[in-house]
Amino acid sequence: MNATILAAVLSTLMSLPQETDTLIAVPGNVRVTVEQVAGDVTVTTWSQNQVRVLADHGSDDTIEYELEGNELSIMAHSNTGMAIVDFELTVPVAAALEISAPFADVRITGTQGSISVETVEGDIHVEGGRGQVDLHAVDGDVMIFGSEATVQAASVDGDVRLTDVSGGVEAQTVDGDVILKDVSSDNVQAASVDGDILWDGDIRDGGRYSFVTHDGDVVVGMQQGANAKVSVASFDADFEFDFEVGLEPGAQESKRFSFVVGNGSARMELESFDGSIHLTRRGYLEEE
Amino acid sequence: MSDSADIWQDRLSDYLDEALEDSERSELEEHLEGCEECRETLVELREVVAQARRLVDAPPVRDLWPGIAERIRATEERERRGRSFTFSMPQLAAAAITLVALSSGIAWQAAGGFSTRQTEPAAPVAQVPAKAELLLASRIASSDYESAIAQLERVLDVGRERLDTATVRKVDEKLALIDKAIDDARQALAVDPSSAYLNRHLAGTMRRKLDLLRRTAALTEL
């Protein structure tokens, strides 16, 4: 924690705790933008065309709202420097969300609109989301469940985990694992520099799947009856195949080879510079 | 570019590496007969590979940059139209980005790295092991890209005080992690400079470094 945040925390502790509870009438398709510096953000939904803002903050902090058309902006300010506010928002189910909260854990549950979240130090946990879901953290995990959206999920130091997601996926981290379970998509790109890539999902005919890491394992659980041309590349990886893939003798020694599963409809690239590449059957993550 | 050409372009480096199965190689060769674009790409890919091989012992005799730059412009144009191909771009574009990344890497090193390390001496270019990459990259007039790197550094210089010290430290750690991966890839390339996979891997890793720098620069605006 740097000096600015420490000062803000001390200021908040010295100021009187205060709770703000506000109801704002909004269109059902409202886009809610939240800008704050520190504190947690929790978002749930309801069927009303209103946004409820429950905020715990210091007496020196103020919460400002601005509604223009279907755009609702919620901002936290502090008279003493940095506002530290815990937000609990209840928004219409179809609301789109745009949250910028550098020092916050963000948890969103149940929304059926697009979602954009940016944190620096904090985890992002999303259940739901449709259309486009973009989640970015620097120091924190990114987790998405039950989303029907094109997903871009990225962390720098943390895991990225997608479960039960339908739609195009681009998931990456620098130092962490990318875990993709029950993802239904014909376009998946997952990458890490220092971490594993774990896939346990159906490979769709005609789909494109790219799983790339530098120093980590790539483990792919493929369903019975899958159709894919699989390209494997490595500098110094080990390979393990739990079912027959029809490799020519010596192929693994070359560290770069390809093979066809079924009719080869989908394209799959498995790359680990210095880890292991393991092809197994769908469901392995359930067993772990 | 037709969809089928797009699919086959992704396989051209494997074709050059003789990594395709017999049936797939036959399909590709059949496709090449009717696809001028893929034929041109294959010729240029061969040039890139041949040049990399020559550079181990001798400087290149022909600059590929104009053609590569044109390809990058075309790639960017397609990207602007909303096409997604972050990790599965055609091989020539990958090769081009490799060269651009290498070029920017040199600019990065010359500039002394991330702004938080400015008190440290700049890494001497000569310590980078892949002679071929350096020679190739040093010949590339990637002024646009180097300009972008310079702009990033200026943004970071101005905005770094707005970042939490823990964040800066974290970003530095992860940049070092990426640098290690870049070094690994370079050392591997020194052994096998014509490997399309290693070139692509190096390019991808350097892109991640640039992405991280861009994201860090953007954070200063939060």
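Colleague: How many helices and strands are there in chain A?
Modeller: Chain A has two helices and 26 strands. Please bear in mind that this is a predicted model.

Colleague: What does the C-alpha trace of chain A span along its principal axes?
Modeller: The spans along those axes are about 75 × 40 × 30 Å.

Colleague: What percentage of chain A counts as buried?
Modeller: Buried residues account for 52% of the 288 residues of chain A. As for its contacts with a separation of 6 or more, 46% are between residues 24 or more positions apart.

Colleague: Turning to chain B, how many helices and strands does that have?
Modeller: Chain B contains 10 helices and zero strands. The pattern along its sequence is accordingly α-α-α-α-α-α-α-α-α-α.

Colleague: And which percentage of chain B is buried?
Modeller: Of the 222 residues in chain B, 41% are buried. Where contacts in chain B link residues at least 6 apart in sequence, 75% of them join residues at least 24 apart.

Colleague: How many residues does each chain bring to the contact between A and B?
Modeller: On chain A there are 34 residues in contact with 31 residues of chain B. Elements of chain A that give two or more residues to this side include β10 (115–121), β12 (130–139), β14 (148–157) and β24 (256–261).

Colleague: Which element of chain A gives the most there?
Modeller: That is β18(A), with five residues. By class, the side of chain A that touches chain B comprises 14 nonpolar, nine polar and 11 charged residues.

Colleague: Back to the helices of chain B. What span should α10(B) have, and what is the distance between its end C-alpha atoms?
Modeller: Helix α10 of chain B covers residues 196–219, and at 1.5 Å a residue its 24 residues should span 34 Å. Its end C-alpha atoms are 34 Å apart, in agreement with that expectation.

Colleague: Why is α10(B) described as largely enclosed?
Modeller: Because 18 of its 24 residues are buried, α10(B) is largely enclosed by the rest of the structure.

Colleague: How do α9(B) and α10(B) cross?
Modeller: The axes of α9(B) (residues 165–191) and α10(B) come within 9 Å and cross at roughly 165 degrees. That angle makes the two helices, α9(B) and α10(B), roughly antiparallel. Their crossing is left-handed.

Colleague: Which residues make that contact?
Modeller: From α9(B), they include V171(B), L175(B), I178(B) and I182(B). From α10(B), L198(B), L202(B), M206(B) and L212(B) are among them.

Colleague: What is the division by class in the contact of α9(B) with α10(B)?
Modeller: There are 12 nonpolar, four polar and four charged residues in the contact of α9(B) with α10(B).

Terms used
Residues are numbered from 1 along each chain as its sequence is written. Chains are lettered from A and ligands numbered from 1 in the order in which they are written. This is a predicted model: local features need pLDDT of at least 70, side-chain atom pairs count only at pLDDT 80 or more; totals for chains, interfaces and linings use all residues. Two residues are in contact if their C-beta atoms, placed from the backbone, lie within 7 Å. Helices (H or I, at least four residues) and strands (E, at least two) are DSSP runs, numbered from the N terminus. Ala, Val, Leu, Ile, Met, Phe, Trp, Tyr, Cys and Pro count as nonpolar, Asp, Glu, Lys and Arg as charged, and the others, Gly among them, as polar. A residue is buried if 20 or more other C-beta atoms lie within 10 Å of its own, exposed if 12 or fewer, and partly exposed in between; C-beta atoms are placed from the backbone. The expected span of a helix is 1.5 Å times one less than its number of residues. Axes are lines fitted to C-alpha atoms, for helices over the stretch in contact, and angles run from 0 to 180 degrees between N-to-C directions. Angles under 35 degrees count as roughly parallel, over 145 as roughly antiparallel, 65 to 115 as roughly perpendicular and the rest as oblique. A crossing is left-handed if the near helix is turned anticlockwise from the far one by less than a right angle, and right-handed if clockwise.
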